[in-house]
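Biologist: I have a model open and would like to go through it. Can we take it step by step?

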Amino acid sequence: MASRFQLLDGTSIPWLGWGNGSGRSNHDALRCGRLALEAGIRHIDTAQVYKTESETGQCIVDAGVNRDEMYITSKLSKLPGDISVPLDQVRPLIEESKRKLGCTPDLFLIHNPTVARPGELKAMWKILEDMKSSGELKSIGVSNFRPQDIEEILDGAIYKPVVNQIEYHPFTLTHLEPLLALQKKHNILTQSYGPLTPLLRHPTNGGPLIPILTRIAHRLSTTTTTPIDTTTILLLWCRAQGVIPITTSANPTRITHLAAIYSTLPPNLLTPDEIQQITDVGKKVHFRHYTEHMEKDFPLPNLPNDLPLSPT
């Protein structure tokens with residue numbers, strides 16, 4: 001039952017991904033990746049800076065999963081010491097990623113606009129375009145790009161980025177409005193890292209969203225065979241927005257739960273009214289965990305980082 005989203009280059013991507021960029025999922029990426037695959041997850045998100053590309057490739061082999069069943073995302077990241085990548089190193093670094101993965105990733109991203117030296121972002125994107133044209137890369141996209149970064153690479157582009165992977169959840173919505181409008185105009189899908197941030201990283205573990213998410217989780221727990229908690233609701237809310245959540249866990253029980261969400265829950269479980277309630281409350285708060293990526297030269301909304309609990 002696992003669904004996929006169509007990308008503008010004609011390919012498709014699973015609606016949920018498991019990432020190995022943080023926590024125990026990063027430090028034990030081989031074991032955790034195998035657990036994720038054995039549970040039924042088929043999309044792994046990695047990056048050069050995570051230092052887990054080799055483990056990503058190996059866990060697919062260890063789990064005995066056919067490569068054709070998998071979707072792999074990786075990213076061109078900064079060099080050690082937070083050093084931007086010279087243009088003459090882009091191709092060798094991408095080839096190194098492919099070697100570590102043991103294959104060409106299905107999706108390859110520029111991890112951050114500052115991966116390129118000042119003034120070289122368009123030239124860096126052109127290298128990815130050339131590698132796509134020659135068959136050396138498949139789908140290409142970006143991550144942590146602000147509106148001005150998207151517009152810079154679109155100027156004269158052969159290929160538009162198929163996705164922009166950003167911190168996306170209800171508490172970033174108001175800030176992201178101009179970026180999301182630009183992406184909609186160009187059919188660029190959003191991938192969400194940190195989709196559970198309101199529950200896992202906000203000081204109140206949910207703030208004004210708590211009553212809404214709890215009520216929806218209770219309703220769905222009585223109508224589905226898969227256990228539904230508040231984190232599940234946020235992932236389903238992302239899917240309802242046409243956004244691909246990338247989440248992670250090293251806990252076997254949690255990994256099994258994520259796989260069940262991915263493979264068994266049908267679309268449209270949330271009602272339009274429930275989706276709108278989450279969105280409306282989220283737009284009244286601004287809270288982002290990874291502030292370094294998106295809060296420079298991109299005006300912040302004049303919003304509090306918390307509100308009193310909303311009524312149930």
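Biologist: Is Cys 59 buried or exposed?

Modeller: Cys 59 counts as buried because its relative accessibility is 1%. Buried means under 20% relative accessible area, exposed over 50%, and partly exposed in between, with a 1.4 Å probe and protein chains only. This is a predicted model, where local features need pLDDT of at least 70 and side-chain atom pairs count only at pLDDT 80 or more, while totals for chains, interfaces and linings use all residues. Residues are numbered from 1 along each chain as its sequence is written, and side-chain values use heavy atoms, with hydrogens and water left out.

Biologist: How many disulfides are there in the whole structure?

Modeller: The search finds zero disulfides, a disulfide being a pair of cysteine sulfur atoms within 2.5 Å. For Cys 59, the nearest cysteine sulfur belongs to Cys 32 and is 9.8 Å away.

Biologist: And Cys 238, buried or exposed?

Modeller: Cys 238 is buried, at a relative accessible area of 0%.

Biologist: How much of the chain counts as buried?

Modeller: The figure is 54% of the 312 residues.

Biologist: New topic. How many helices and strands does the chain have?

Modeller: The chain has 13 helices and ten strands. Both are DSSP runs, numbered from the N terminus: helices are H or I with at least four residues, strands E with at least two.

Biologist: What box do the C-alpha atoms fill?

Modeller: Along the principal axes, the box is roughly 55 × 45 × 35 Å.
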